[in-house]
Amino acid sequence: MTHTILVTGGAGFIGSNFVHMLAELRPEARVVNLDALTYAGNLENLEPVAKLPGQRFVHGDITVPEDVERAFAEARALGGALSVVHFAAESHVDRSIQSGAPFVTTNVLGTQVLLDASRRHAVQKFVHVSTDEVYGSLGETGFFTEETPLAPNSPYSASKAGSDLLVRAAVHTHGFQACITRCSNNYGPYQFPEKFLPLMIANASEGRPIPVYGDGLYVRDWLYVRDHCEAILAVLERGRAGEVYNIGGNNELANLVLVRQVLAALGKPESLITFVKDRPGHDRRYAIDASKIRRELGWTPRFTFAEALPETIRWYAQHAGWLQRVRSGAYRDYYARQYGSA
Ligand code: NAD
Ligand code: TDX
């Protein structure tokens with residue numbers, strides 16, 4: 001049976017990696033990619049798959065019902081069972097601190113518009129891609145489980161928690177077939193260089209300072225993007241409707257430790273480390289207990305940090321043109337606002 005997957009936000013970092021993975025692992029699946037091409041959306045990310053049969057791109061905004069309807073019409077025309085994987089979001093915490101409104105618009109309103117259309121079109125499975133940040137911050141010990149109460153601390157994570165609750169309500173009220181995934185920090189190819197890892201690779205390669213917030217002892221649990229995408233595929237195909245699945249790599253690192261590893265891999269001096277003003281409300285530590293998805297769906301990360309970090313660094317070195325084009329324009333304006341002339 002044919003299967004059509006409507007992907008939102010597929011021109012961004014994780015969404016484009018997911019579309020690449022589908023082309024490889026599920027070549028028979030048809031993909032409709034709905035993306036507004038905000039500052040974070042880049043069609044160049046889709047070049048390796050754009051010309052494959054069964055791939056469609058729809059330029060549109062998830063907050064605009066007519067745009068969402070166009071994407072569903074495209075998907076219906078391709079035929080077969082219909083599912084949705086929802087990545088589209090405003091995704092950067094620092095931007096949400098500068099201005100929360102776009103986060104509420106896209107992440108909250110956009111998710112509701114998409115849910116309404118998905119119900120109308122009798123979507124068989126809806127995967128809502130959320131984040132561990134909805135759980136708030138951990139102290140020195142412990143892990144987030146799916147039962148950890150929601151306690152988002154930034155406008156970004158609050159808007160993601162809002163979207164999670166709307167998905168939950170659609171399941172509860174309408175019997176809608178949806179799952180929610182909550183993943184830790186991703187790294188890998190095509191990540192927009194406002195995020196810490198590509199930002200430090202880009203800066204270090206050019207011998208420019210690496211801005212480290214506060215004392216640099218904030219801890220994140222890093223997962224290779226391909227592992228995240230495979231987890232989402234497992235949830236799409238085998239996840240139980242109404243369930244939340246945490247996804248993580250069991251790979252906790254303090255920011256300073258990560259910076260030192262990247263500098264060592266690039267052969268750059270630690271003197272590039274520059275401590276800057278802390279992020280307001282900065283969450284101290286995230287760590288994921290991913291035992292439910294391991295147990296129920298048999299997913300487990302395939303890539304170790306020791307192999308995937310050097311691979312990621314190599315990817316950015318081999319895609320200097322991509323990085324240079326992404327770093328021009330809107331990105332520069334934002335960079336200046338966030339860091340001044342640093
Ligand atoms: P990204 O910022 O790289 O990409 C977001 C994509 O969504 C872009 O292509 C953008 O053009 C598109 N988009 C934004 N607003 C839109 C709108 N109104 N209509 C249609 N398209 C729109 O984000 P990412 O890092 O790839 O994250 C994808 C999803 O995964 C997000 O929902 C995010 O919350 C979640 N997530 C990310 C991480 C991470 O480490 N990056 C971890 C856990 C969860
Ligand atoms: O310049 C920087 N200096 C710095 O010290 C930047 C951009 C970040 N940091 C710190 C803040 C965090 O402790 O590095 C850590 C990682 O920062 P980000 O890359 O901005 O990620 P984070 O805030 O942890 O959120 C990410 O993971 C969860 C994604 O951006 C979210 O979309 C996802 O939900």
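Predicted model: local features only at pLDDT ≥ 70, side-chain atom pairs only at ≥ 80, totals over all residues.
Helices (H or I, at least four residues) and strands (E, at least two) are DSSP runs, numbered from the N terminus.

**View 1. Asn251 in its loop.** Look for Asn251 in the loop that joins β10 (244-247) to β11 (252-254). Asn251 counts as buried because its relative accessible area is 16%, and buried means under 20%. Setting aside neighbours within four places in sequence, the residues in contact with Asn251 are Arg220, Asp221, Trp222 and Phe305.

View 2. Helix α11 spans residues 305-318, and its 14 residues reach 19 Å from the first C-alpha to the last, close to the 20 Å expected. Its buried residues are Phe305, Ala308, Leu309, Thr312, Ile313, Trp315 and Tyr316. They sit on the same side of α11 because they cover an arc of only 155° around the axis. On the face turned away from that buried side you will find the exposed residues Ala306, Ala317 and Gln318. The cover over the buried residues includes, among others, β9 (219-224), β11 and α9 (255-266).

**View 3. The surroundings of ligand 1.** Here 29 residues surround ligand 1, and the closest are Ile14, Asp35, Ser91, Tyr156 and Lys160. A polar backbone atom of Ile14 is 2.8 Å from an oxygen atom of the ligand. For Asn186, a backbone N or O atom lies 2.9 Å from an oxygen atom of ligand 1. Of the 840 Å² of accessible area that ligand 1 has on its own, the protein covers 96%. Strand β5 gives the largest share of the shell around ligand 1, with 3 residues.

How values were computed:
Residues numbered from 1 in each chain as written. Chains lettered and ligands numbered in written order. Heavy atoms only, no water. Buried < 20%, exposed > 50% of the residue type's maximum accessible area, 1.4 Å probe, protein only. Contact = heavy atoms within 4.5 Å. Expected span 1.5 Å × (residues − 1). Arc of directions from axis to C-beta. Near = heavy atom within 4 Å. Polar contact = N/O pair within 3.5 Å; in protein donor to acceptor, adjacent residues only side chain to side chain. Areas by Shrake-Rupley, 256 points an atom, 1.4 Å probe, with all protein chains shown as cover.
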